[in-house]
Amino acid sequence: MNTILRKSVLGIAGLAFTGGVFAGPIAAHAAEPVKTTKPVAVSVQGAQSKIDLNDEQLANAKAIIAATKKAGLPERAAVISIATSLQESKLENLGHLGDKNDHDSLGLFQQRPSSGWGTPEQITDPEYSTLAFLKGLKQVDGWQDMPLTEAAQTVQVSAYPDAYAQWEQQAADIVAHNWNS
């Protein structure tokens, strides 16, 4: 997807989200206590999936956390990034998969060179691909407070927009365990 189209999609999604926030039922939240700290996982949606991680997958998760810190973003950004990678590649840095490939998708986030994410070499570099994903995430107004699957989908523009939610708990656990290590 070219840059102009991606920005248009991101802009429309942001406007739709903002409209929903302001038009939503405010009274339903009036009785809720005010929270002074924001949890890493805002609210886990739906049934959760979990996989056992091998050393390579754990190293990729740690690379995502390191890149998130390098970008100066909070733990929530790492949770969204890891959940996205769990959905897209199961935290495996995938090269070309032949007939199983989704177009020219590569790497942890299944980013496409033809969509402007970078070269195949860049996309298969965990730090580069994470920083590219985070650059897109930072362009999503209100990403910190929206459901994980909406934030991830706005960046990724997947054919399966609700699939990211199933990985939120495992991603939050990975980040909680590795953020300070």
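Mentor: We may begin with a contact between two helices: Arg76, Val79, Ile80, Ala83, Thr84 and Glu88 in α3 meet Leu148, Ala151, Ala152 and Gln156 in α6. By class, this contact of α3 with α6 comprises six nonpolar, two polar and two charged residues. Please bear in mind that the model is predicted.

Trainee: Why is α3 called roughly perpendicular to α6?

Mentor: The axes of α3 (residues 75-89) and α6 (residues 148-156) come within 10 Å and cross at roughly 70°. Angles of 65 to 115 degrees count as roughly perpendicular, and therefore α3 is described as roughly perpendicular to α6.

Trainee: What makes the span of α3 close to the one expected?

Mentor: α3 has 15 residues, and from its first C-alpha to its last it reaches 21 Å. At 1.5 Å a residue the expected value is 21 Å.

Trainee: How do you know that α3 is mostly covered?

Mentor: A residue is buried when its relative accessible area is under 20%. Twelve of the 15 residues of α3 are buried. The buried residues of α3 include Ala77, Ala78, Val79, Ile80, Ile82 and Leu86, and Arg76 is also among them. Their cover includes α2 (55-70), α5 (126-138), α6 and α7 (168-178).

Trainee: What makes α6 mostly covered?

Mentor: Eight of the nine residues of α6 are buried. Leu148, Thr149, Ala151, Ala152, Gln153, Thr154, Val155 and Gln156 are the buried ones in α6.

Trainee: Why is α5 called roughly perpendicular to α6?

Mentor: The packing angle of α5 and α6 is about 110°, and their axes are 9 Å apart. The range for roughly perpendicular is 65 to 115 degrees, so α5 is roughly perpendicular to α6. In this contact, Phe133, Gly136 and Leu137 in α5 meet Ala151, Ala152, Val155 and Gln156 in α6. The contact of α5 with α6 has five nonpolar, two polar and no charged residues.

Trainee: Why does Lys90 count as partly exposed?

Mentor: Lys90 lies in the loop between α3 and α4 (120-123). Partly exposed falls between the limits of under 20% for buried and over 50% for exposed. The relative accessibility of Lys90 is 31%, and therefore Lys90 counts as partly exposed. With residues up to four places away in sequence not counted, Lys90 touches Ile51, Gln57, Ser85 and Trp167. The C-alpha atoms of Lys90 and Leu108 are separated by 7.8 Å, although these residues are 18 residues apart along the chain.

Trainee: What is the phi of Gln110, and why does Gln110 count as buried or exposed?

Mentor: Gln110 is placed in the loop between α3 and α4. Phi of Gln110 is near 50°, a positive value in a residue other than glycine. The relative accessibility of Gln110 is 13%, and buried means under 20%; Gln110 therefore counts as buried.

Trainee: How many helices and strands does the protein have?

Mentor: The protein has seven helices and zero strands. Of its 181 residues, 39% count as buried. Among contacts with a separation of 6 or more, 63% are accounted for by residues 24 or more positions apart.

How values were computed
Residues are numbered from 1 along each chain as its sequence is written. This is a predicted model: local features need pLDDT of at least 70, side-chain atom pairs count only at pLDDT 80 or more; totals for chains, interfaces and linings use all residues. Side-chain values use heavy atoms; hydrogens and water are left out. Axes are lines fitted to C-alpha atoms, for helices over the stretch in contact, and angles run from 0 to 180 degrees between N-to-C directions. Helices (H or I, at least four residues) and strands (E, at least two) are DSSP runs, numbered from the N terminus. Angles under 35 degrees count as roughly parallel, over 145 as roughly antiparallel, 65 to 115 as roughly perpendicular and the rest as oblique. Contact means heavy atoms within 4.5 Å. Ala, Val, Leu, Ile, Met, Phe, Trp, Tyr, Cys and Pro count as nonpolar, Asp, Glu, Lys and Arg as charged, and the others, Gly among them, as polar. The expected span of a helix is 1.5 Å times one less than its number of residues. Buried means under 20% relative accessible area, exposed over 50%, partly exposed in between (1.4 Å probe, protein chains only).
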